[in-house]
Amino acid sequence: MKECQFQTKLIHLINTNYGIALKYQETGTTRTGIPDIIAGINGKIVFIECKTNRGVVSDIQEKQIQKLKKKVTPYVYVVRPNTLELLIKELDKIKEDLWE
């Protein structure tokens, strides 16, 4: 599955079952390395970087992920098709306010 197909599937999943998800579009004037999806679930902001099963997180993406976790929210994830079920469990916790 291509990364863009996976993003579309994940956005639909979140919008249908959890809250609202938006695709972050990088342009020439936006910050590089921001995760692909920004979601709001149960009053919490969630950042999700989508990768293929073989995709690699770049250094700038890793730096942004760590910065977001430190300064904004603990809900920052890198997800692949083969780890989607783990993300769904995390989203369920956030939706039900059970995340610790």
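I take buried to mean under 20% relative accessible area. I need that cut-off for the entries below. The model I am looking at is predicted.

**Entry 1: salt bridges**

I searched the whole structure for salt bridges and got four.

I began with Lys51 and Glu49. Their side chains meet in a salt bridge, at 3.6 Å from N to O. I then checked how accessible the two residues are. Lys51 and Glu49 are both buried.

Next I went to Asp97 and Lys44. They form a salt bridge, and the closest N and O atoms are 2.9 Å apart. What does this pair tie together? Asp97 sits in the segment after helix H3 (84-95), while Lys44 belongs to strand E3 (residues 44-50), so the bridge links parts that are 53 residues apart in sequence.

Lys93 is partly exposed, with a relative accessible area of 36%.

**Entry 2: Asp92**

I stayed in helix H3 to look at Asp92, which is placed there. Asp92 is partly exposed, at 35% relative accessibility.

I turned to the strands. Four of them form an open sheet, in the order E1-E2-E3-E4, with mixed pairing. Which strands stand at the edges? I found strand E1 (20-23) and strand E4 (76-79) there; each has a single partner strand, so one side of each lacks a neighbour in the sheet. Neighbouring strands are turned by 25° against each other on average, direction ignored.

I then went through the pairs. E1 pairs with strand E2 (residues 37-41) in the antiparallel sense, over four bridges. For Leu22, I found the bridge partner Ile38 in E2.

E2 and E3 also pair in the antiparallel sense, over five bridges. Here Ile41 stands opposite Lys44 of E3. That is the Lys44 I had already logged in a salt bridge with Asp97.

E3 and E4 pair in the parallel sense, over four bridges. Ile48 has Tyr77 of E4 as its bridge partner. How does the chain get from E3 to E4? It crosses through H2, and I recorded this β-α-β crossover as right-handed.

**Entry 3: how enclosed E3 is**

I finished with the burial of E3. How many of its seven residues are buried? I count six as buried, so E3 is largely enclosed by the rest of the structure.

Notes: Residues numbered from 1 in each chain as written. Predicted model: local features only at pLDDT ≥ 70, side-chain atom pairs only at ≥ 80, totals over all residues. Heavy atoms only, no water. Helix = DSSP H or I, 4+ residues; strand = E, 2+ residues; numbered from the N terminus. Buried < 20%, exposed > 50% of the residue type's maximum accessible area, 1.4 Å probe, protein only. Pairing = 2+ DSSP bridges. Axes fitted to C-alpha atoms, helices over the stretch in contact; angles between N-to-C directions. Right-handed = clockwise from strand over helix to strand, strands pointing away.
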